[in-house]
Amino acid sequence: MSATQRDVTMAELVTALPAKTWYLTSSGGDMWCRRPYGFFFSSGEAAEAFAKQMGVAELFAVGYETADLLGSPLLDGLRHNAVTRIFVDPTFDPATGDVFGNILRLAPIQ
């Protein structure tokens, strides 16, 4: 596991994110992801710029207060959909197609 990747609990996830967290969606509700990765952003502009770089034009950003967003239904949904890692403010390298950034691993349900 790299220095930028670690298991996090719910409390750690809330403290690792800004007060308002944004994600990408095409429906206004469901979070867009690329299993096993999900993507959180500290601004709507950063989220939409990332979608544009990735070439996924139909996505737009929605933001929520982090404490409200990260309830059990969201974490259960992420795990149910095999999303086990969350990029925070990722960047995209168009030359390689790689995504870089801080990665938080969701700790298993205990």
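Hi everyone, let me start with a term: helices (H or I, at least four residues) and strands (E, at least two) are DSSP runs, numbered from the N terminus. The structure is a predicted model, where local features need pLDDT of at least 70 and side-chain atom pairs count only at pLDDT 80 or more, while totals for chains, interfaces and linings use all residues. Residues are numbered from 1 along each chain as its sequence is written, and side-chain values use heavy atoms, with hydrogens and water left out.

So, the overall picture. The chain has four helices and seven strands, and read from the N terminus the order is β-α-β-β-β-α-β-α-α-β-β. Of its 110 residues, 35% are buried; buried here means under 20% relative accessible area, exposed means over 50%, and partly exposed is in between, with a 1.4 Å probe and protein chains only. As for contacts (heavy atoms within 4.5 Å), take those with a separation of 6 or more: 63% of them are between residues 24 or more positions apart.

Now to helix H2, which covers residues 44-54. Which of its residues are buried? They are Gly44, Ala47, Phe50, Ala51 and Met54. Looking down the axis of H2, these buried residues fall within an arc of 130 degrees, so they line one face of the helix; the arc is that of the directions from the helix axis to the C-beta atoms. Glu45 and Lys52, on the other side of H2, are exposed. And what covers the buried residues? The cover includes strands S2 (20-25), S3 (33-34), S4 (37-40), S5 (60-65), S6 (85-93) and S7 (98-106). Just after H2 comes Gly55, with a positive phi of about 80 degrees.

Next, the cores. In soluble globular proteins, nonpolar side chains tend to be buried together. I call a nonpolar core a set of buried Ala, Val, Leu, Ile, Met, Phe, Trp, Tyr and Cys residues joined through side-chain atoms within 4.5 Å. The largest one has 16 residues, and Leu13, Phe40, Leu70, Leu78 and Ile86 have the most contacts inside it. Helix H4 (72-80), S6 and S7 are the elements that give two or more residues to this core, with H4 supplying the largest share, three residues. There is also a second, separate core of 14 residues, and Phe41, Ala47, Leu59 and Ile103 are among them. You have met Ala47 already, as one of the buried residues of H2. Ile103 sits in strand S7 and counts as buried, at 11% relative accessibility. Its C-alpha atom is 9.4 Å from that of Gly38, a residue 65 positions away along the chain.

The search uses a 1 Å grid over the protein atoms alone; a pocket is an open set of points where a 1.4 Å probe fits, with protein on both sides within 12 Å along at least five of seven lines, and lining residues have an atom within 4 Å of a point. The largest pocket has a volume of about 220 Å³, a volume being the space filled by probe spheres set on the points, which are joined across faces, edges and corners. How many residues line this pocket? There are 13, and Gly29, Asp30, Met31, Leu74 and Leu78 lie nearest its centre. H4 gives the most to the lining, with four residues. By type, the lining divides into nine nonpolar, three polar and one charged; Ala, Val, Leu, Ile, Met, Phe, Trp, Tyr, Cys and Pro count as nonpolar, Asp, Glu, Lys and Arg as charged, and the others, Gly among them, as polar.

Finally, some backbone details worth a look on your screens. Arg35 and Pro36 are joined by a cis peptide bond, with omega about 10 degrees, and Pro36 lies in the loop between S3 and S4. Ala82 has a positive phi of about 60 degrees although it is not a glycine; Ala82 belongs to the loop between H4 and S6 and is partly exposed at 42% relative accessibility. Asp89, also not a glycine, has a positive phi near 50 degrees. Asp89 is in strand S6 and is partly exposed, with a relative accessible area of 32%.

Leaving out residues up to four places away in sequence, Glu65 touches Ala19 and Lys20.
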